[in-house]
Amino acid sequence: IMRIPVSLQVVLGSATMPVANLMKLGRGAVVPLDHRVGEPVDVVVNGRVVARGEVVVVEDDSSRFGVSLTEIVGAPAPGPSL
């Protein structure tokens, strides 16, 4: 089971824009996101948020960054059974 691959994403934020504006983007364009600097980022595994954390610079290589986990998101409460 430890060799089963999973998809891991760190979501820094999101943005919504019309396709016309998307097509106008070029090198150096800045897309404003809905998260602010310092806000926690979501850690998503296979499409489900499992944790939140903060972006940090990797100690061994200052050109890379990582995520320091600050909160583990628990399993959703079971709904009423039918």
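**Stop 1: an exposed helix residue**

Select Met23, which counts as exposed at 66% relative accessibility; buried means under 20% relative accessible area, exposed over 50%, and partly exposed in between, with a 1.4 Å probe and protein chains only. Met23 belongs to helix H1 (residues 19-24). Helices (H or I, at least four residues) and strands (E, at least two) are DSSP runs numbered from the N terminus.

Two remarks on conventions apply throughout. This is a predicted model, in which local features need pLDDT of at least 70 and side-chain atom pairs count only at pLDDT 80 or more, while totals for chains, interfaces and linings use all residues. Residues are numbered from 1 along each chain as its sequence is written, and side-chain values use heavy atoms, with hydrogens and water left out.

**Stop 2: the paired strands**

Select strand S2 (residues 41-45) next; 4 of its 5 residues are buried, so S2 is largely enclosed by the rest of the structure. Two strands pair if DSSP finds at least two bridges between them. Strand S1 (residues 8-11) runs antiparallel to S2 and is joined to it by 4 bridges; Leu8 has Val45 in S2 as its bridge partner. S2 and S3 are likewise antiparallel, with 5 bridges between them, and Val43 stands opposite Ala51 in S3.

Within S2, pick Asp42. Is Asp42 buried or exposed? Asp42 is buried, at a relative accessible area of 19%. Its side chain makes a polar contact with the side chain of Arg52 at 3.1 Å. A polar contact is a pair of N or O atoms within 3.5 Å; within protein, one must be able to donate a hydrogen and the other to accept it, and residues adjacent in sequence count only if both atoms are side-chain atoms. Not counting residues up to four places away in sequence, Asp42 touches Gln9, Val10, Val11, Val49, Ala51 and Arg52, where contact means heavy atoms within 4.5 Å.

**Stop 3: the hairpin turn**

Move to Asn46, in the loop between S2 and S3. The hairpin of these strands has 2 residues between them. Most residues other than glycine have a negative phi. Asn46, although not a glycine, has a positive phi of about 50°. Asn46 counts as exposed, at 52% relative accessibility.

**Stop 4**

Select His35, in the loop between H1 and S2. His35 is partly exposed, with a relative accessible area of 27%. Its side chain reaches the backbone oxygen of Leu12 at 3.2 Å. Leaving aside neighbours within four places in sequence, His35 is in contact with Leu12, Gly13 and Pro40.

Finally, display the lining of the largest pocket, which includes Leu12, His35, Arg36 and Glu54. On a 1 Å grid over the protein atoms alone, a pocket is an open set of points where a 1.4 Å probe fits, with protein on both sides within 12 Å along at least five of seven lines; lining residues have an atom within 4 Å of a point. About 220 Å³ of space lies in this pocket, a volume being the space filled by probe spheres set on the points. Strand S3 (residues 48-57) supplies the largest share of the lining, 3 residues.
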